[in-house]
Amino acid sequence: MHEVPRLIDIPQKINASGSLGVVEASTLTGFDARRLYYLYDIEGNATRGAHAHKALRQFMICLNGSVTVHLRGADGSFTFDLTDRTKGILIPPGYWRDLNDFAPGTVVAVLASEEYDEGDYIRDPAAFDAWLEERERVGGVPYIAMARCHDEMGFDITRTVAQVVRDGSLIGGPHVTNFEKEFAAYCDAVHCVGCGNGLDALVLIMKALEIGAGDEVIVPANSFIASALAVEAVGATSVFVDCVAATGSLDIAQLEAVITPRTKAVMPVHLYGIPVDMVTLNALAQRHNLYVIEDAAQAHGARVGNQRIGGLSTASGFSFYPTKNLGALGDGGAVVTNDPALAEKIRLLGNYGAKVKYHHDIKGTNTRLDPVQAAVLSLKLKKLDAWNERRRALADIYFQGLNHVAGIALPQMPQGMEAVWHVFPVLVANGKRDDLQEFLKSKHIGTNIHYPIPIHKQKAYATGGSFPEAERVSAETLSLPLDPYHTENEIRFVCAAIREWAGS
Ligand SMILES: *Cc1c(COP(=O)(O)O)cnc(C)c1O
């Protein structure tokens with residue numbers, strides 16, 4: 001479904017001495033107007049238009065007289081009678097337009113998003129039909145479709161960034177405070193403290209809990225290396241635990257076997273956006289008097305029962321790396337917790353240990369969420385639920401399309417959880433993962449591997465130990481394209497390619 005043409009009311013300022021119609025490009029049309037043109041002195045029986053644009057957006061107003069506007073595109077045909085200068089038509093790209101039935105003296109004005117570019121025109125109806133068909137044809141699928149998101153949101157993002165620059169507070173300030181409030185509420189939690197990135201969020205939690213030399217933290221072997229690096233960053237030791245292949249997350253049943261008197265915390269990672277069973281994990285941690293520190297970098301919005309990830313443990317660390325479910329325009333991170341004292345300490349630690357400038361209560365560091373990122377995150381947060389819903393709908397296409405394909409195991413959703421599918425991983429049996437990845441590449445389908453080497457086998461760690469499921473997952477896992485901006489047809493195209501590869 002593409003954007004469709006629509007009629008928009010133009011605010012009028014009516015005054016005894018005359019009236020004023022005002023089109024604020026930013027709020028009314030959603031695009032920056034770069035060009036104005038107008039039609040006048042038109043013959044009553046003339047047809048004007050008779051072309052389409054590939055990328056140009058337009059806003060059409062009839063300033064005098066009347067005109068009938070016919071629009072035809074991928075989502076159908078639309079007819080508007082413009083008889084009233086208090087309304088305008090927003091015409092998205094990809095619509096053939098014919099204008100006719102001009103009343104005598106008609107004047108039609110058009111705001112356009114770009115200056116003249118002949119390459120953007122399609123002037124032949126048959127060529128337009130061919131262009132529409134080509135646009136819908138799936139010839140490949142990128143692993144992620146972030147460019148499409150930024151195409152759609154580009155104008156709002158530019159406006160938001162410009163607003164922060166105009167406001168002028170470039171460290172801290174209202175944009176950061178607002179986002180922290182919004183994100184805490186979104187996570188069904190009380191406090192959120194922004195920081196520089198997801199790794200720093202985890203490090204700040206460890207520091208605030210005074211985990212350090214001689215302490216152990218239990219970390220899943222199957223995760224991104226940041227989960228473990230946060231532990232070593234404060235001088236403590238990562239103790240690895242194996243995973244359950246069906247979800248990729250830590251195997252809670254194996255936790256008790258690795259708890260020692262030195263164990264201070266356990267770090268569940270909601271890998272791929274599938275929530276870990278926090279009820280069971282918290283009960284176990286409580287029995288052993290352990291902190292629970294969630295690595296929630298892949299799970300913005302995921303739910304355990306009715307509650308979102310974020311406030312379900314001692315504290316959780318989020319990343320706003322651009323490709324995460326909620327991503328900034330660069331690095332960003334946050335700690336979410338219900339503990340006010342912990343939140344306060346983390347805020348101090350990340351800001352040179354100072355609450356009041358130049359008054360340093362503790363030895364802190366510098367890791368802050370900057371206001372440009374915070375403002376963009378507030379903008380994107382409004383869309384996060386819809387994006388996650390879309391991810392689930394596309395995941396369902398995989399669940400249906402890849403059910404019972406020989407040699408392909410799908411992830412299994414635990415009961416009572418709501419995943420947000422940061423990644424959609426499948427396990428490819430019999431040593432054929434790389435073969436499938438190559439086959440999909442030949443069809444221009446992008447894939448990824450999360451992760452090719454478990455942490456305990458990384459050169460940086462190489463701690464030894466045997467975690468057979470984590471090792472198997474790293475050898476078999478393949479992440480398929482899944483992004484809110486993929487189309488259903490693209491996901492079906494991936495399913496068909498995998499079925500073709502499997503011969504089923
Ligand atoms: C992305 C990620 C991180 C680290 O986030 P950064 O913002 O890149 O520091 C940590 N853990 C997991 C599981 C991640 O996916």
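## Terms and source

Contact here means heavy atoms within 4.5 Å, and helices (H or I, at least four residues) and strands (E, at least two) are DSSP runs, numbered from the N terminus. This is a predicted model, in which local features need pLDDT of at least 70 and side-chain atom pairs count only at pLDDT 80 or more, while totals for chains, interfaces and linings use all residues. Residues are numbered from 1 along each chain as its sequence is written, and side-chain values use heavy atoms, with hydrogens and water left out.

## Two helices in contact

In helix α11, Asp 435, Leu 436, Phe 439 and Leu 440 meet Ala 497, Ile 498, Glu 500 and Trp 501 of helix α13. These contact residues divide into six nonpolar, no polar and two charged, where Ala, Val, Leu, Ile, Met, Phe, Trp, Tyr, Cys and Pro count as nonpolar, Asp, Glu, Lys and Arg as charged, and the others, Gly among them, as polar.

Helix α11 covers residues 433–442 and helix α13 covers residues 488–502, and they pack at an angle of about 125° with their axes 10 Å apart. Axes are lines fitted to C-alpha atoms, for helices over the stretch in contact, and angles run from 0 to 180 degrees between N-to-C directions. The two helices are therefore oblique to each other, given that angles under 35 degrees count as roughly parallel, over 145 as roughly antiparallel, 65 to 115 as roughly perpendicular and the rest as oblique.

## Strand β26

Strand β26 (residues 424–428) is largely enclosed by the rest of the structure, because five of its five residues are buried, which means under 20% relative accessible area with a 1.4 Å probe and protein chains only. Phe 424, Val 426 and Val 428 point one way from β26, whereas Pro 425 and Leu 427 point the other way.

Strands pair if DSSP finds at least two bridges between them. Strand β24 (residues 408–409) runs antiparallel to β26 and is joined to it by two bridges, with Ala 409 opposite Leu 427. Strand β27 (residues 477–480) also pairs with β26 in the antiparallel sense, over four bridges, and there the bridge partner of Leu 427 is Thr 477.

## Strand β20

Strand β20 (residues 315–319) is mostly covered, with five of its five residues buried. Ala 315, Gly 317 and Ser 319 point one way from β20, and Ser 316 and Phe 318 the other way.

Strand β17 (residues 291–295) pairs with β20 in the parallel sense over three bridges, and Glu 294 stands opposite Ser 316. Strand β21 (residues 333–337), by contrast, runs antiparallel to β20 and is joined to it by four bridges, with Ser 319 opposite Gly 333.

Terms used:
Buried < 20%, exposed > 50% of the residue type's maximum accessible area, 1.4 Å probe, protein only.
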